[in-house]
Amino acid sequence: MSDQIQLFVPGAEMPWVPAGAGVQRQVLAHSPELMLVKVAFETGAVGAEHQHPHTQISYVESGEFAYTIGGETRVLRAGDSCVVPGNTLHGTACRQAGVLLDAFTPMRADFV
């Protein structure tokens, strides 16, 4: 298994990648079945509505986000989380600069 999966991933060595205006993402770790991604947003930045086949869980590490899933919007703050079922339209608008931790199953091959 360790030939295919990096078992220990030093965050300081993982690159940040632009992911839209005021948004950067950092893939923290992944296996074929699961991926963890850190996404940093500036105030006012938008994660445009989109959908993908992966199930996603987002955890708000810091900041404040207006998060929309399937047409329903809720304000999420540090410590809150949400589940996005696969193929569900979703997006977010950052109300206060912050960081989301996103887990995907299966992994997002388009992120690596």
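Predicted model: local features only at pLDDT ≥ 70, side-chain atom pairs only at ≥ 80, totals over all residues.
S31 is buried, with a relative accessible area of 14%. That value falls under the 20% cut-off for burial. Leaving aside residues up to four places away in sequence, S31 touches I5 and M107.

Now step back to the whole chain. The chain holds eight strands and zero helices. Read from the N terminus, its elements run β-β-β-β-β-β-β-β. For 112 residues, a compact globule would have a radius of gyration near 13 Å. The chain has 14 Å, which agrees with that expectation. Along the principal axes, the C-alpha atoms fill a box of roughly 40 × 30 × 25 Å. Of the 112 residues, 37% count as buried. Contacts reach across the sequence. Among those between residues at least 6 apart, 60% join residues at least 24 apart.

The surface comes next. The accessible surface amounts to about 6,400 Å². Carbon and sulfur atoms account for 56% of this area. As for charge, the chain carries 6 positive and 11 negative side chains. The centres of these two sets lie 7 Å apart.

The largest nonpolar core has 18 residues. Those with the most contacts inside this core are M35, V37, F41, F65, Y67, L100 and F111. Which elements give two or more residues to the core? They are β2 (23-30), β3 (35-41), β5 (55-69), β7 and β8. Strand β3 gives the most, with four residues.

Not counting residues up to four places away in sequence, Y67 touches Q56, S58, E72, T73, R74, L76, C82, V84, H90, G91, T92 and L100.

Residues up to four places away in sequence aside, K38 touches W16, Q24, R25, Q26, L28, E61, V99, L100 and L101. K38 and C82 are 44 residues apart along the chain, and their C-alpha atoms are separated by 15 Å.

R77 lies in strand β6, residues 72-77. At 43% relative accessibility, this arginine counts as partly exposed. Beyond residues up to four places away in sequence, R77 touches V60, G63 and E64.

Two loop residues show the exposed side of the model. A21 is found in the loop between β1 (17-18) and β2. This alanine counts as exposed, because its relative accessibility is 71%. A21 and G44 are 23 residues apart along the chain, and their C-alpha atoms are separated by 9.4 Å.

N87 is the other loop residue. It is found in the loop between β7 (81-84) and β8. N87 is exposed, with a relative accessible area of 51%. The cut-off for exposure is over 50%. What is its backbone doing? N87 has a positive phi of about 60°, although it is not a glycine. Apart from residues up to four places away in sequence, N87 touches Q51, H52 and P53. The C-alpha atoms of N87 and W16 are separated by 26 Å, and these residues are 71 apart along the chain.

The last stop is another backbone feature. Which two residues does a cis peptide bond join? They are T105 and P106, and omega is about -10°. P106 lies in the segment after β8 (90-105).

Conventions:
Residues numbered from 1 in each chain as written. Heavy atoms only, no water. Buried < 20%, exposed > 50% of the residue type's maximum accessible area, 1.4 Å probe, protein only. Core = buried A, V, L, I, M, F, W, Y, C linked by side-chain atoms within 4.5 Å. Contact = heavy atoms within 4.5 Å. Rg over C-alpha atoms; globule rule 2.2 N^0.38 Å. Areas by Shrake-Rupley, 256 points an atom, 1.4 Å probe, with all protein chains shown as cover. Lys, Arg positive; Asp, Glu negative; His and termini not counted. Charge placed at Lys NZ, Arg CZ, Asp CG, Glu CD.
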